[in-house]
Amino acid sequence: MITLSSFTKFAGITVALATALVAVPKSQAATISLNFEGIDVAGGSNNTSINNFYNGGTSGSGTSGVDYGVTFSPNASALSLNTLSNPGVSNTSRGGLGDPSSQNGGLIFLSGTQTFINYANGFDTGFSLFYAAINNPGSISVYDGLNGTGGLLATLGLPITTGSCPGYNAGFCPFAPVGVSFAGTARSIGFAGVANQIVLDDVTFGSVTPGAPTTAVPEPFTIVGTLIGATAAYRTRKRLKATNKL
């Protein structure tokens, strides 16, 4: 039997949980993975500027993606990848490996010696991606400021990749997974190497494993609403029982 004392404790726990959950910020909720799909509306260009595709704006082709608050250097471009149905758009392919929904596009820089990705909201724990570099190695640097400024949190070498993907007509294939962990809050990543010689995909913030799905902590009001609903249901049952006794 639930006594008044036990109900009071239950209600107190509900209120305490509600207070704690309301205080959970949404910024703790996401692991973001960018797959560079849908950037080139023509489906065959090797030099479509990413621009604000992931920042509430559009790419060089006028397409728009999810607004993650992520921006790119001007030299960052989307590269169309070879598939079995479209084998001649570039010299790069995922070879049918990895996420089936991430087979058509990748990230490349065609000028300069490096490019940057900025995530102003910041992320922690780790950073990861898939890449192909068959002629020249590259590197990744993680910073706590935008555009490669502030403190250097982590570095990671990108050795030359090897292997082949028969049937996909691509020298840059297969892609290799890499990841790095770090302490602190990162806000930009620099990719260094020889222009037009390294292709990246499934760039992932907040995880040392690339291609992690975007996940979210349940909205605080959803959990709180469930708890409050349970409390209300208990009160209703108690009133009905009291009425039936009269």
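Reader: How many bridges join strand 3 to strand 6?
Author: 3 bridges join them, and the two strands run antiparallel. Strands here are DSSP runs of E, at least two residues long, numbered from the N terminus. Two strands pair if DSSP finds at least two bridges between them. This is a predicted model, where local features need pLDDT of at least 70, side-chain atom pairs count only at pLDDT 80 or more, and totals for chains, interfaces and linings use all residues. Residues are numbered from 1 along each chain as its sequence is written, and side-chain values use heavy atoms, with hydrogens and water left out.

Reader: Which residue does F72 stand opposite in strand 6?
Author: F72 faces I117 there.

Reader: What order do the strands take in the open sheet?
Author: The order is 3-6-11-8-9, and the pairing is antiparallel. Strand 3 (70–72) and strand 9 are the edges. Each has a single partner strand, so one side of each has no neighbour in the sheet.

Reader: Ok, strand 8. Which strands does it pair with?
Author: Strand 8 pairs with strand 9 (residues 152–158) over 6 bridges, antiparallel. Strand 8 also pairs with strand 11 (residues 186–192), antiparallel, over 5 bridges. S139 stands opposite G157 in strand 9. S141 has G190 in strand 11 as its bridge partner.

Reader: How many residues of strand 8 are buried?
Author: 5 of its 6 residues, so it is mostly covered, where buried means under 20% relative accessible area, with a 1.4 Å probe and protein chains only.

Reader: New topic. Which residues touch the most other members in the largest nonpolar core?
Author: F72, F127 and F205 do, in a core of 35 residues. A nonpolar core is a set of buried Ala, Val, Leu, Ile, Met, Phe, Trp, Tyr and Cys residues joined through side-chain atoms within 4.5 Å. There is also a second, separate core of 8 residues, including I108 and F172.

Reader: What is F205 in contact with?
Author: Leaving aside neighbours within four places in sequence, its contacts include I117, F127 and I189. Contact means heavy atoms within 4.5 Å.

Reader: Why would nonpolar side chains be buried together?
Author: In soluble globular proteins, they tend to be.

Reader: Last thing. Which residues form a disulfide?
Author: C165 and C173, with sulfur atoms 1.9 Å apart. A disulfide is a pair of cysteine sulfur atoms within 2.5 Å. The count by this rule is 1.

Reader: Is that link left-handed or right-handed?
Author: Left-handed, with -90° about the S-S bond.

Reader: Are C165 and C173 buried or exposed?
Author: C165 is buried, and so is C173.

Note on methods. Buried < 20%, exposed > 50% of the residue type's maximum accessible area, 1.4 Å probe, protein only. Helix = DSSP H or I, 4+ residues; strand = E, 2+ residues; numbered from the N terminus.
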